[in-house]
Structures are given as structure tokens and as C-alpha cells.
Amino acid sequence: MDADVVISGGGPTGLLLAAELRLAGARVVVLERRTEPDPVPRANGLVGQVVTVLYRRGLYRTLARHGSGPKALLQRWFTGAYGTRPRPVRGFSHAGFRLDLRRLRDANPVHVLAVPQRRMEEVFEQHALALGAEIRRGHTFTGLTQDGDGVTVEVDGPDGGYRLRAAYLVGCDGSHSAVRKAAGIGFPGETSREVVIRMAHVVLPRAALTSSGALRAADGTSYRPYHLHRTPHGAFSFASFIPGVHVLSTHEWDAPAEQAPMTVDEAQASLSRVVGADVPVEPPPADGRPWILRRLTDRNNRLADPYRMGRVFVAGDAAHVFAGFGGSHLNLGLQDAVNLAWKLSLVARGAAPDTLLDTYAAERVPQARRALDRTAEQAELMAPGDEVTARRERYAQRLREPGFLREVAEAVAGLDLPYPTGAGHPMLGRMAPDLRLTHESRRIRLAALQRTARPLLLDLTGDPALAEAAAPWRDRVDVIRATPRDPGTPPALLIRPDGYVAWAAPDPAGLPSALTTWFGPPRTP
């Protein structure tokens, strides 16, 4: 075998998957058709649980502090990144509503990290390379054949075509995934053309902005940045991630789309129609940077079926695309990578049965379906019309209820349970909290123990019986003895590499079963 896993696609999902596989000990080759990182601006940040996942891998601080000056101050305010670990944001835009998350106090699960996708890819690539991943730029996947022992990957490289032999292949190559098509994986869903979306980097004249950065239209109405605004004529948002330049996005329902290339004048005209008053807009500086200027007439909502075909898997946009609001795409895709990596590694080295790989789709498909449903609901709430306005009034009333606000916040953060747990400890099936511990005579947080991506049996009892019960899995599971510094901490937790709790005391009889389910049978002496 040339590798345990070949990954097609060197975007954020593929690069993080490569790093996670290397942490788990798998040999990895990444194929990326681009010779250099894509300079075109795309995502501007991360929203949801994935922010805390990256914190537990030690990547949060590097991503959060990628700038200085006013831009960095803006990011610190917007993301809550005031220190070396993420903190929940005070508010968030959801379907045109401003969620006051301060009302949730300690139960606020929404984290945001403002970082350009190019910087994200740079950090993930450096991380993967430092761990020993092989990244081949300028190499394009062209085909595959698979059998019971592995998959043969056809590649077109700078010096011609060649083949790679691997145990598994993962397509992280976007919504038009060549891997998905070659494997015969379907991509059912729907394409809607009722909305025209225009995105552009623009300069909003200083006279059009208030001292707090809000946009002031000609009729005197002010619109705050980093917020999706619904009007009788459509919806729009604007945000600045580059000093002096804003990313403008407009949504118009049942509006004719021009056939000519998108222009800044078109973006300005669209914004003025949506606002219902003239708004001055200027082009960004002509300094050679690849500014966004994009018109979208197709809104795709599709889900791969199945996620796995033999030894071939899909993840990220190759597995799901949807016309998302609120930055949930990367939250979903990056957690695909973190979920799949440790399972592939265990099976590739023979430590766990092949059936473990079936849990990837069993856990990730329901999350993707819920993301599609949430996106559809937001789109319905943003549409024009009196009926929608009446529905929004009812929705606003419900958001005043703490329970419903918490439910919406958890949906924004992607806190769905990854797998059914039945009865048991309330932490079971959820992301383990970042517990404060004393370990080996020093104060430490659980996140620091999760950087290696190893399964953890966190023993807070000191009872040698736990370590003895886990002894046959010591080649795969680390037993950590510590003293809790937080009240109400359970006496013991079995934590998967992706951070989810697989077992919790007080049920010592269930520990061997949980270890076998997730990490394979016990080692035979």
C-alpha cells in the first residue's frame, strides 16, 4: 500500500482530515489539483461547535490571532476571542433575528471565529505537514477501482498519470466531487432558482456609515453590520473583514438575473432595491487582490446517498451542500473530518472491525439532514410577504422564551447528538465539557489532554479497577487519572477522539462494552 488513506481535495475539510489521520497514526496522501492555495476569498469564519473542536487540537489561538491593529480588535469583539480559548458570543444573527445570547448565561453554546478561509487552509496545511502528511499539489484525481483489499486511485500529475494504492479513499473535493461520481454515490436533492444572490467586495463611503459602523440609507434607516436584514423587497447583509472594504450580500426573490458578468454597479442597484432607498457603493481598490464579485441563481440542497461506497467515503461539500445561512457549512464539513479520521485509522491498522466505519454515516447523515431542515426554515422566514411577516412575529414571541432561545442557539452551534444513547448519564453522547482538572500535580484543562486525538478514559476516582478494566485497550486508549476542580463532575468518562462522551460512570459494568463498541475488541495477550 502506498498509503492508508488517500484524500482528494486540499480545502479545509481535506487538510483537517489529513491532520486528524496523522494524529491517529495513519499514512496519508492528499491530492490537490491547485498548485497554490486559492486566492479567491470564500468563507470568512467558523460558527458553532467546530470552534471548540479546533481549540481542543491546539489550533484556536493560531487561527484567532492572525492579524493586528483595528482588524484584530474587530475580530476580538465579534468572536469573543479575548484569550487563548473561545468564549461564547453575546449575540448572533439568525433568519434576520438578533439572538440575545447573553440571556442564556453559562448555557450559551454559540462560538464564532472570524478567520478567512485562505488563512484557515494555511494553518491546517502547516499542521498536517508538521504531523507527516504528504500533500501533492498539482495532482488531480481522475478515477478509481476498488476490491476487497483496497482502492487503486488514478492520478494526473505534472509529469503524467500514475496510480496510488491505498486502503481507503475520501472525497473532499467539493460539491462537484469527481470521487463521488466515480464511486457511483448519488447526490439527490433539489435546485431552487427563486432567489438571486449577489455577493461583492465593495467600499461603503464613510458618509454612509454611522460612528458604530452601521449602514445609513438615504431615508435615514440604519442597518447594523454582521446581521442579515429582511426588508419588504428582499434581504441583505454586510461585514468588514478587511479595513475599509465590506463584503456585501443581497437576496432578491423572483428577481430576473442579468446574463452579463457581475459588476459593482449591479450590486449597488440590488442593494438599493432591497433597502428601498438609494445606497452609495464604490468599487474596492484596484490593488491586484482577487475581490469577490459573484452572482448565484441556483440554490442547491443536496445530500450524498450513501456517504460510503465500499472503501470510498465523501465528506464536506462532497457529502452535502445547502444554501446555508450563518456559516454552518464548514462547521458541518470539518466535523465530518474529525468524526471519520479516528475510525478509518483504527480499522486500517486492524484494531477495530470494518463495521465501525458504518457509524460515520449513521452519525453524520442525521446532522446534515437537520442542517438542511434548519436552512430551509431560515429561508422561509426570510422570504417576503405578509404571511411570512406574521409568522416572523410569532417566531419573535417564541424567542423570548428561554427554552426556545436555547433550542435555537444549540441548532446554530450544531449541538445535535451524534448517535442515539438511550438512557444514561446526561453527558453521554455529548461533547465533553472543558473540565478543569489537577493532573500530575499541575492544573490543566481537559482540552489540553485532547490535543493528541487519542481516546481518553478520564478517571477521577483513583480506583485502580477502572485502569484494570481498560488494560486490554491500553494500546488504543489513554487512561488519565486526575482530580476534578469543578463541582458536579462525573467520577469517570470515556471520551472519543472527536470529543464525544462514549461512556460515563457510575456504570462500571458498561465500560468494556463501550470500549469494544468504539475501539475494537480487547487485545489478546
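First, the ground rules. The model is predicted, so local features need pLDDT of at least 70 and side-chain atom pairs count only at pLDDT 80 or more, while totals for chains, interfaces and linings use all residues. Residues are numbered from 1 along each chain as its sequence is written, and side-chain values use heavy atoms, with hydrogens and water left out.

A word on labels. Helices are DSSP runs of H or I with at least four residues, strands are runs of E with at least two, and both are numbered from the N terminus.

Let's start at G9. It sits in the loop between β1 (3-8) and α1. Is G9 buried or exposed? G9 is buried, because its relative accessible area is 7%. The scale is this: buried is under 20% relative accessible area, exposed is over 50%, and partly exposed is in between, with a 1.4 Å probe and protein chains only. Now look at L31. L31 is 22 residues from G9 in sequence, yet the two C-alpha atoms are 5.9 Å apart. Setting aside residues up to four places away in sequence, G9 touches G14, V30, L31, E32, C172 and D173. Contact here means heavy atoms within 4.5 Å.

Next, α1 itself. Helix α1 covers residues 12-23, and helix α5 covers 117-130. Their axes are 9 Å apart and pack at an angle of about 20 degrees. Therefore α1 is roughly parallel to α5. On terms: angles under 35 degrees count as roughly parallel, over 145 as roughly antiparallel, 65 to 115 as roughly perpendicular, and the rest as oblique. The axes are lines fitted to C-alpha atoms, for helices over the stretch in contact, and angles run from 0 to 180 degrees between N-to-C directions.

The crossing of α1 with α5 is left-handed. That means the near helix is turned anticlockwise from the far one by less than a right angle; clockwise would be right-handed. Who makes the contact? On α1, it is P12, L15, L16, A18, A19 and L23; on α5, it is Q117, M120, E121, F124, E125, H127 and A128. By class, that is nine nonpolar, two polar and two charged residues. Nonpolar covers Ala, Val, Leu, Ile, Met, Phe, Trp, Tyr, Cys and Pro; charged covers Asp, Glu, Lys and Arg; the others, Gly among them, are polar.

α1 also meets α8. Their axes come within 8 Å and cross at roughly 30 degrees. So α1 is roughly parallel to α8 too. This crossing is right-handed. α1 brings P12, T13, L16, L17, E20 and L21; α8 brings L330, G333, L334, A337, V338, A341, L344 and S345. The tally is 10 nonpolar, three polar and one charged.

On to α9. R364 lies in this helix. R364 counts as buried because its relative accessibility is 2%. Beyond its neighbours within four places in sequence, R364 contacts Y307, L332, Q335, D336 and N339.

α9 also packs with helix α10, residues 386-399. The axes come within 8 Å and cross at roughly 120 degrees, which means α9 is oblique to α10. E377, E380, L381 and M382 of α9 meet V388, R391, R392 and Y395 of α10. That contact has four nonpolar, no polar and four charged residues.

Now α14, residues 511-519. Which residues of α14 are buried? L511, A514, L515, W518 and F519 are. They lie on the same side of α14, because they cover an arc of only 100 degrees around the axis. The arc is taken from the directions from the helix axis to the C-beta atoms. In general, an α-helix has 3.6 residues a turn, so residues three or four places apart point the same way. The buried residues of α14 pack against several elements, including α8 (328-348), α9 (358-382) and β25 (456-459). Just after α14, G520 takes a positive phi of about 90 degrees.

A95 is not a glycine, but has a positive phi of about 55 degrees. A95 sits in the loop between β4 (91-94) and β5 (97-100), and counts as buried at 1% relative accessibility. Y226 is not a glycine either, and its phi is positive at about 55 degrees. Its place is the loop between β14 (222-223) and β15 (229-231). Y226 counts as buried, at 15% relative accessibility. Finally, a cis peptide bond joins D305 and P306, with omega about 0 degrees. P306 lies in the loop between β19 (299-303) and β20 (308-309).
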